[in-house]
Amino acid sequence: MASTNETGQADTATASTRSGGAAGAAGHGLQAFAVQLRRMNSEMNRLIHAFAAAQGLHATDVQALAAILDSETPLTPGRLREHLGLTSGAVTACLDRLERAGHIRRSRDSKDRRVVHLHYAAHGRSAARAHFLPLAEATARAREGFSDDELAVVLRFLNAMNEELDRLSGRG
């Protein structure tokens, strides 16, 4: 069902995207993307906050865990600070909470003992896998409806969006 905008015309983009219609995103531009991105962001935030609450962590702690998990090389506290945009003291408090809760471990670099590397601990991985398993299953179900070529386009779009968001935040 379409809503009516201020000119009295049916707003099919909004109606289509609310019902999950693919044509809304493809045929009606920025509004449809904005609606779906906000909706997905809201649901992801809900899942993240539920995980944080279940683990006795802050939402920022979960962001730190994601950064540690996603990093191709072990992060240092300094690189994590830059990624999160926090003060050194805030990062230290975050890492202390994560280490006490068994989610991360810190290790000293073998060549330069001043350098500390952050690692996702086995307990942390297990807790995250258990909590986010429904999200992984939902992602797998959603992917089933797309061809490999379509998924490649979706991934390319998500990469481009993340690059733009990095640029907006001053990281790119």
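## Basis and confidence

Residues are numbered from 1 along each chain as its sequence is written, and side-chain values use heavy atoms, with hydrogens and water left out. Because the model is predicted, local features need pLDDT of at least 70 and side-chain atom pairs count only at pLDDT 80 or more, while totals for chains, interfaces and linings use all residues.

The average pLDDT (the predictor's confidence in each residue, from 0 to 100) is 85 for the protein, and 83% of the residues score at least 70. Over residues 1–25 pLDDT stays under 50, and for this stretch the model has 30 contacts (heavy atoms within 4.5 Å) beyond four places in sequence. Where pLDDT is low, the predicted coordinates should not be read in detail.

## The nonpolar core

A nonpolar core is a set of buried Ala, Val, Leu, Ile, Met, Phe, Trp, Tyr and Cys residues joined through side-chain atoms within 4.5 Å; buried means under 20% relative accessible area, exposed over 50% and partly exposed in between, with a 1.4 Å probe and protein chains only. The largest such core has 21 residues, and those with the most contacts inside it are Leu65, Leu80, Leu95, Leu98, Ile104 and Leu118. Two or more residues each come from helices H3 (30–55), H4 (59–70), H5 (77–84), H6 (88–100) and H7 (122–143) and from strand S4 (116–120); helices (H or I, at least four residues) and strands (E, at least two) are DSSP runs numbered from the N terminus.

Leaving aside neighbours within four places in sequence, Leu95 is in contact with Pro77, Leu80, Ile104, Arg106 and Leu118.

## Helix H4

The buried residues of H4 are Asp61, Val62, Ala64, Leu65, Ala67 and Ile68, and what covers them includes H3, H5, H6, strand S3 (104–108) and S4.

## Aromatic pairs

Rings of Phe, Tyr and Trp (its six-membered ring) pair if their centres lie within 6.5 Å, with planes under 30 degrees apart counted as stacked, over 60 as edge-to-face and the rest as tilted; the count comes to two aromatic pairs. The rings of Phe33 and Phe157 have centres 5.3 Å apart and planes at 40°, so this pair is tilted. Phe33 lies in H3 and Phe157 in helix H8 (residues 148–168), so the pair ties together parts that are 124 residues apart in sequence.

Phe51 and Phe132 also form a tilted pair, at 5.2 Å centre to centre and 45° between the planes. Phe51 counts as buried at 1% relative accessibility, whereas Phe132 is partly exposed, with a relative accessible area of 21%.
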